[in-house]
Amino acid sequence: MRVLVVGAGQAGLATACGLAQTDGVEVTVMSHKTPDEIRKGHVLSTQVIFGHGLAFERELGINFWEEKTPDIGGIGLSAMAPGVPMEQQPAIDWWAPLELTAQSVDQRIKFAGLLEYLKGLPGATVITNFTTSGELARTAGKYDLVLVGAGKSELVKMFGRDDERSSYTKPQRALSVVYVNGVEPGATDPDHPIVRFNATPWGELFMIPGLTKSGPCHILFIEARPDGPLDRFEPDIGERILSPDEHLRRFKDALREHFPWQYERCSKAELTDPTAYLAGRYVPTIRKPLLRIDAEHTVLAIGDVFVQQDPIAGQGANMATWNAKVVVDAVRERLQEGGPFDDAWKLATAERQWAIAQHSVRFSNTLLDPPEYVLGALGAAGQFPDVRRWLVNGFAQPSDFADRLYDPAALQQYLAGVAGAA
Ligand SMILES: Cc1cc2nc3c(=O)[nH]c(=O)nc-3n(C[C@H](O)[C@H](O)[C@H](O)COP(=O)(O)OP(=O)(O)OC[C@H]3O[C@@H](n4cnc5c(N)ncnc54)[C@H](O)[C@@H]3O)c2cc1C
C-alpha cells in the first residue's frame, strides 16, 4: 500500500519510520524544509518525551541520540504559596523520581536526522515541499492512506474544531523558550538531571536538561498568563520581533522579578546558538480527525493537527509519539486482516488515539487552572513521598490521574489514607 505523510514532525516522522519498516508499505513524507534548513532554524519546542514514548522510539531503532542526551530522572515542583513573603518563596519545594527516565532532544536535530534516516530506507521517499490545500486535494488520490501531521500550520485550519472536545477559544499561556549553557545546579535538586517546574500566580517556569546541536544544555521555558507581567515576548508563534540578546535579557529579567529563587543560577546563562529561542501563543484545540478532500477521498489528522494542547504538562510530543504507535499498529493489523483503509477504519484509529490523548488533555487543562483541591495535593506532596511519586509519574501516564485527581472526594480520601498510613 502507498501512504503519504504530510509534515515531518514528531508524529509524522515516527509514523513514517514505523510504516517504512512494515512489509507491504511504501511511505512518502512531505517535509516543509530540508534537513539543513531544519538544523539552522529556530528551536521548535521543549520536547520532553517520557518513558513510553522513548520505548517506542527504541522499538523502531530511531533512538539515535539517546546515549548523548541527559536522562531526566525526576520532576521537581517549586511553587509560591499565598501570604508568604517573596524572600521565603517557594513555600512548596519537592521532587520525586520518574519510574522511567525521560529525555529532551532538540527537535531540530531529531527531525533533520530522522529525515536523513528515512531517505536511506528502501520503503521511504522524502519530498521537500510546503503542501498547500490544493496540492493535498490533487495528490490524495494517488495514495491508499494520507496522514496529515502538519503541526500548527495553515493547512491545519482545514480540519474543523471539535467543539465538544475543545475547551478554549483563546490562548491560555504566552510561551517563551531559551536553550542555554551556563545554568548552575539547583540548590534543592538531586545530583542527577530533573525537570524543575516553578509555579507562580503569573505563570510557570520549566527548567529542562536537554540535548541541542552543541551538546547538553538547559532549556528554560516560561508559560506566562496572557497580559500578566511575564507576558513580555512576541504575540504569535514564529514571530521573532526581538533580537536573540533582547529575548534573553527579557527572560532573565522575568526570572529576577518573578522566579527570584532560580535567578542566580541562571544569571550567567548564554544562548546555545543564535536561533535557540522561541516565543508565541496558540489556542489549544481538538480537531475533527477526518477531512474530506473530494467526493472519494478523506485524510486523517495525526499529532497536533488532531489534538493540540497547551504545553504546560509536556504532553504534545508524547501524544504525537503515541499517535504514531496507534497508526502503525492499526495499519499492520489492517494489512493482516486484509480490510480497506476506509473512513470507518480512519475514525476508529482516531478514537484509539483519543482514548489515550483525552487523559493528557484533561491533565494539561487542569494544570492551566488548578482547582483548590489539586493545589492542596501539590502542597501535601511535600510531606508524603507516595503522593509526590504519584503526581510526578502521572506526567508520563496521565490516565493514572483519572480515578483520583479530578474528583475532590476521591482525592481527599486518598490523601487522608496516605496521611493515616504515615
Ligand atoms: C514551547 C513548547 C514547548 C513544548 N514542550 C513539550 C514537551 O516538553 N513535551 C511534549 O510532549 N510536548 C511539548 N510541546 C508540544 C510538542 O512540541 C508538539 O505537540 C509536537 O511536536 C507535535 O508533533 P506534530 O508532529 O504533531 O507537529 P510538529 O512537531 O509541529 O511537526 C509538524 C511538521 O509539519 C511541518 N509542516 C507544517 N506545515 C506543513 C505543510 N503545509 N507542508 C509540509 N510540512 C508542513 C512543520 O514544518 C513541522 O516539521 C511543546 C510545544 C511548544 C510550542
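Which of the 34 residues around the ligand come nearest? In this predicted model, the answer is Ala11, Ser45, Thr46, Asp304 and Ala317, which come nearest of the 34 residues around the ligand.

Let me stay with that shell for a moment and describe its make-up. By class, the shell has 15 nonpolar and 18 polar residues, together with 1 charged residue. In terms of secondary structure, helix 1 (10–20), helix 4 (107–119), strand 8 (174–181) and helix 8 (316–337) each supply at least two residues of the shell, and helix 8 gives the largest share of it, with 4 residues.

On the backbone side, a polar backbone atom of threonine 131 is 2.8 Å from a nitrogen atom of the ligand, while a backbone N or O atom of glycine 314 lies 3.1 Å from an oxygen atom of the ligand. As for cover, the ligand on its own has 1000 Å² of accessible area, and the protein covers 92% of that.

Now to the domains. The protein chain is divided into domain 1 (2–63 + 105–168 + 285–367), domain 2 (72–100 + 170–280) and domain 3 (370–421). Why does the ligand lie between domain 1 and domain 2? Because both of these domains give residues to the shell around the ligand.

For domain 1 and domain 3, the C-alpha centres are 33 Å apart, and 10 residues of domain 1 are in contact with 12 residues of domain 3. The size of an interface is often given as the accessible area lost when the parts come together. Between domain 1 and domain 3 the buried area is about 1100 Å², and carbon and sulfur atoms give 71% of it. On the domain 1 side, the residues that lose the most area to domain 3 are His359, Phe363 and Thr366, which together account for 48% of what that side buries.

Finally, two points of backbone geometry. Most residues other than glycine have a negative phi, and most peptide bonds are trans. Against that background, glutamine 47, which is not a glycine, has a positive phi of about 45°, and this residue is found in the loop between helix 2 (35–40) and strand 3 (48–49). The peptide bond that joins glutamine 89 and proline 90 is cis, with omega about 0°, and proline 90 lies in the loop between strand 4 (72–79) and strand 5 (92–104).

Technical notes: Residues are numbered from 1 along each chain as its sequence is written. This is a predicted model: local features need pLDDT of at least 70, side-chain atom pairs count only at pLDDT 80 or more; totals for chains, interfaces and linings use all residues. Side-chain values use heavy atoms; hydrogens and water are left out. A residue is near a molecule or strand if one of its heavy atoms lies within 4 Å of it. A polar contact is a pair of N or O atoms within 3.5 Å; within protein, one must be able to donate a hydrogen and the other to accept it, and residues adjacent in sequence count only if both atoms are side-chain atoms. Accessible areas come from the Shrake-Rupley method with a 1.4 Å probe; for residues, only the protein chains shown count as cover. Ala, Val, Leu, Ile, Met, Phe, Trp, Tyr, Cys and Pro count as nonpolar, Asp, Glu, Lys and Arg as charged, and the others, Gly among them, as polar. Domain bounds come from an automatic or database domain assignment. Contact means heavy atoms within 4.5 Å. Buried area is the accessible area (1.4 Å probe) that two parts lose on being put together, summed over both.
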